[in-house]
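Hi,

Here is the model I promised to send over. Have a look at it first, and my notes follow below.

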Amino acid sequence: MNAAQAKGVRLTVAAVLAFILVIVAGFVYRIQQPRVMTVDEMKANGFYLLDTPRDLGDFELVDHHGEPFVPASLEGQWTLVFFGFTYCPDICPTTMSFLNNLMTELEGTEVDDTRVVMISVDPARDTPEQLAAYVPYFNPDFTGVTGEFLDLFRVATAMNAPFRKVPGQDENYLIDHGSNVVLINPKGDYHGFFKAPLDMAKMKVTYRSARYFWDH
């Protein structure tokens, strides 16, 4: 074998090795990516995806900064919505703490374009000032929302989150409400919901798949 032939063999071997390296790297990358769950698997994990995302219609509420909270406020990012109230003794602080922990668990774009909103089911007591003293306690980036009762009731109904005042109580009354967490997609539409009780590990992987179904 002369020098030219030897050089040609070396170049061929190098090209083959480079090709194999690219194939192996691609395979390793793919297996490291989280698998997208099917709709049934997401449901088994506690997330119910709507067949067609639902337009919430028009509404005008107010956030804990005193700024208008309207349909456009839900656009441009993924939003986790929880319906609760500041005088809630158990479900609300537990869920808000859970959502704060979830935000610390998310990574990359998931945490960059995800926000949490608590919509009050007790507008008589949950003024913007009251929410401002409560919601940021769990996370300074969380948003509290309140408004007129009928406006709040319409939004809650659109998100399948009914609530009612527990009868027969004094001024320290309670509100009967659910503890599901609603997912709103970046278009501002109702995308689905995470059914309580919430599980951190399940919610993390399911949330990733729920986002994929909208992006694709």
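Asn 139 sits in the loop between helix 5 (128-138) and strand 6 (143-146); helices (H or I, at least four residues) and strands (E, at least two) are DSSP runs, numbered from the N terminus. With a relative accessible area of 12%, Asn 139 is buried, meaning under 20% relative accessible area, while exposed is over 50% and partly exposed lies in between (1.4 Å probe, protein chains only). Its side chain makes a polar contact with the side chain of Asn 100 (2.9 Å). For that term, I count a pair of N or O atoms within 3.5 Å; within protein, one must be able to donate a hydrogen and the other to accept it, and residues adjacent in sequence count only if both atoms are side-chain atoms.

A word on provenance: this is a predicted model, where local features need pLDDT of at least 70, side-chain atom pairs count only at pLDDT 80 or more, and totals for chains, interfaces and linings use all residues. Residues are numbered from 1 along each chain as its sequence is written, and side-chain values use heavy atoms, with hydrogens and water left out.

On to helix 6 (residues 149-158), whose buried residues are Asp 151, Leu 152, Val 155, Ala 156 and Ala 158. They lie on the same side of helix 6, because they cover an arc of only 160 degrees around the axis (taken from the directions from the helix axis to the C-beta atoms). Exposed Leu 150 and Arg 154 are on the face turned away from that buried side. Just after helix 6, Asn 160 has a positive phi of about 55 degrees.

Overall, the chain has seven helices and ten strands, and 41% of its 216 residues are buried.

Cheers
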